[in-house]
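Please read the points alongside the coordinates.

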Amino acid sequence: MIDVIIAGGGPTGSMLASELRLHGVRVLVLEREVEPSKVVRSLGLHVRSTEVMDQRGLLDRFLAHGQQYPLGGFFAGIDKPSPGLLDTSHAYVLGIPQTTTDHLLAERATELGAEIRRGCELAGLSQDDHGVTVELADGTQLRSRYLVGCDGGHSSVRRLLGIAFPGEPASVDMLLGEVEVAAPAETVAAVVADVRKTEKRCGAGSLGDGVYRIVVPADGVAEDRSVPPTLAEFTQQLRVIAGTDFGVHSPRWLSRFGDGTRIAEHYRVRRVLLAGDAAHVHPPAAGQGLNLGIQDAFNLGWKLAAEVDGWAPEGLLDSYHTERHPVAVDVLDNTRAQMELLSPDPGPQAVRRLVSELMDFEEVNRHLIEKITAIGVHYDFGDGHHLLGRRMRDVGLNRGRLYELTHDGRGLLLDQTGRLSVMGWADRVDHVVDLSEDLDVPAMLLRPDGHVAWVGEQQQELLDQLPRWFGAPSADTSPADGYDRGS
Ligand SMILES: Cc1cc2nc3c(=O)[nH]c(=O)nc-3n(C[C@H](O)[C@H](O)[C@H](O)COP(=O)(O)OP(=O)(O)OC[C@H]3O[C@@H](n4cnc5c(N)ncnc54)[C@H](O)[C@@H]3O)c2cc1C
């Protein structure tokens, strides 16, 4: 039997498949499309996703295909420098087209043993106490223990479960495409700069060799956004908004997207879960959707694996919703705020000027960047040390780096005292005795997603926390105690 079927082989589905495979879970990814899409939606990875790639030993692959840019200018496109003192060793945006990200994540999932079956559309589902039956569009039935809908904003899984998706419908569509441009580069730059004084949703970025990525508001909202605009519609809208169509021709691809903002009321119904765009949609302001989906998968993967493996403590799988739903609510809110600030109306423009002034305060600028990059995410694990519930940044150790120890996706006790033990949990938690100049706590317990589950030095306190995240101790305590990768 398959352990987990993932509907949707986008970035969220592939990331989740890899996380599950790290724990030996048998995974099948069903992807409706026969070929990968040529449409480039996301343009990059924000800090937390870059850290996630580093945590899993994938960073070099992404760096090889991407370009590092400063972090300033993201919130509603308000032009400010990167704030100093960001709590990360990856204080940059990694510019990388989504088509490449999708490819790298799918490649990794396949390497780890996940099967990605293309041309397979989930069309029906039912569940009982033991598993989920999935029906494909061609009538084939498949059975698995769990199903995760990573099938995008129009998620069939969400619809079939009847999960409410409250929020606001799209009020405007945008047309987006990669096209060749006949007008000289200086003309394009001058016209776009002029238009953006009042219409900040219009933009054109050179990709070299006369090819541009151009975005322009559409005339109204399409009934079916999966139908791309024609070149005639695209040029017509450019003429309406910019006063010229720049002589665009030979599109590489054209697409449309909306500004609908919605979130699923529940991320889990018994054995079926939602992640990524299937769980939340919002306008692409400051480029957060793909990042949010990758981080959903990073949160869910080890928890679902624990459930499949049979060691998940009570409530662990439900903590996926408890932790990730508020994060998405916050992202939806910051995109709503950004969309207001992009409006050409005088009121929002006045607020924009005010926000811009406030962002000159370093702390305000940093607060907004920590939101957009997701390094400010703080799960509620209860009272305690200020690191509790936050993701741990990478730090140097006497022998290597913290993130080098997290490639396998296991729990980690980083112990600077040398006196602690994970006996009973060594099959799930590594115990590393090492010292770090960057760390002023005696020891910390990290979950597989790098969030700090405990800080302290008392063995009894540690023993109180281990079951909360890693379940009951196992009977086999043999070589486990004090497993020390550092010495
Ligand atoms: C113009 C634009 C720009 C963007 N820019 C950014 C950015 O800069 N940064 C950022 O972080 N995000 C950005 N986003 C958002 C980002 O593209 C999405 O959030 C991201 O693709 C979501 O990933 P996903 O895997 O959850 O869903 P998707 O990428 O939508 O993947 C879902 C997959 O499921 C498949 N599928 C659908 N239904 C079924 C079914 N029934 N059975 C099987 N398979 C199915 C689909 O074919 C698809 O491959 C942008 C979006 C747009 C529109």
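1. The largest nonpolar core has 90 residues, and those with the most contacts inside it are Met53 and Leu147. A nonpolar core here is a set of buried Ala, Val, Leu, Ile, Met, Phe, Trp, Tyr and Cys residues joined through side-chain atoms within 4.5 Å. Buried denotes under 20% relative accessible area, exposed over 50%, and partly exposed in between, with a 1.4 Å probe and protein chains only. Helix 8 (residues 289-309) gives the most to this core, with 11 residues. Helices (H or I, at least four residues) and strands (E, at least two) are DSSP runs, numbered from the N terminus.

2. This is a predicted model, in which local features need pLDDT of at least 70 and side-chain atom pairs count only at pLDDT 80 or more, while totals for chains, interfaces and linings use all residues. Residues are numbered from 1 along each chain as its sequence is written, and side-chain values use heavy atoms, with hydrogens and water left out.

3. Leaving aside neighbours within four places in sequence, Met53 is in contact (heavy atoms within 4.5 Å) with Met15, Leu45, Leu58, Leu59, Phe62, Leu105 and Ile294. There is also a second, separate core of 17 residues, which includes Val192, Tyr212, Ala218 and Leu254. In soluble globular proteins, nonpolar side chains tend to be buried together.

4. Helix 4 (residues 98-111) has 14 residues and reaches 20 Å from its first C-alpha to its last, close to the 20 Å expected at 1.5 Å a residue; the expected span is 1.5 Å times one less than the number of residues. Its buried residues are Gln98, Thr100, Thr101, Leu104, Leu105, Arg108 and Ala109. Seen down the axis, these fall within an arc of 165°, so they line one face of helix 4; the arc is that of the directions from the helix axis to the C-beta atoms. Their cover includes helix 1 (11-21), helix 2 (47-55), helix 3 (59-65) and helix 8, together with strand 3 (44-45) and strand 6 (115-118). Just after helix 4, Gly113 takes a positive phi of about 110°.

5. How many aromatic pairs does the model contain? The count comes to five, where rings of Phe, Tyr and Trp (its six-membered ring) pair if their centres lie within 6.5 Å, with planes under 30 degrees apart counted as stacked, over 60 as edge-to-face and the rest as tilted. Tyr267 and Tyr320 form a tilted pair, 5.5 Å centre to centre with 45° between the planes. Tyr267 lies in the loop between strand 15 (261-263) and strand 16 (268-269) and Tyr320 in helix 9 (residues 319-342), so the pair ties together parts that are 53 residues apart in sequence. Tyr267 is buried, at 0% relative accessible area, and Tyr320 is buried at 0%.

6. Phe381 and Trp469 form a tilted pair, 4.7 Å centre to centre with 45° between the planes. Phe381 is in the loop between helix 11 and strand 19 and Trp469 in helix 12 (residues 459-470), 88 residues apart; both are buried. The charged end of Arg447 sits over the ring of Trp469, 4.8 Å from its centre; the rule requires NZ of Lys or CZ of Arg within 6 Å of the ring centre and within 35 degrees of the ring normal. Arg271 is placed likewise over the ring of Tyr146, 4.9 Å from its centre.

7. Arg390 is found in the loop between helix 11 (362-373) and strand 19 (396-397). At 29% relative accessibility, Arg390 counts as partly exposed. Not counting residues up to four places away in sequence, Arg390 touches Gly376, Val377, His378, Gly450, His451 and Val452.
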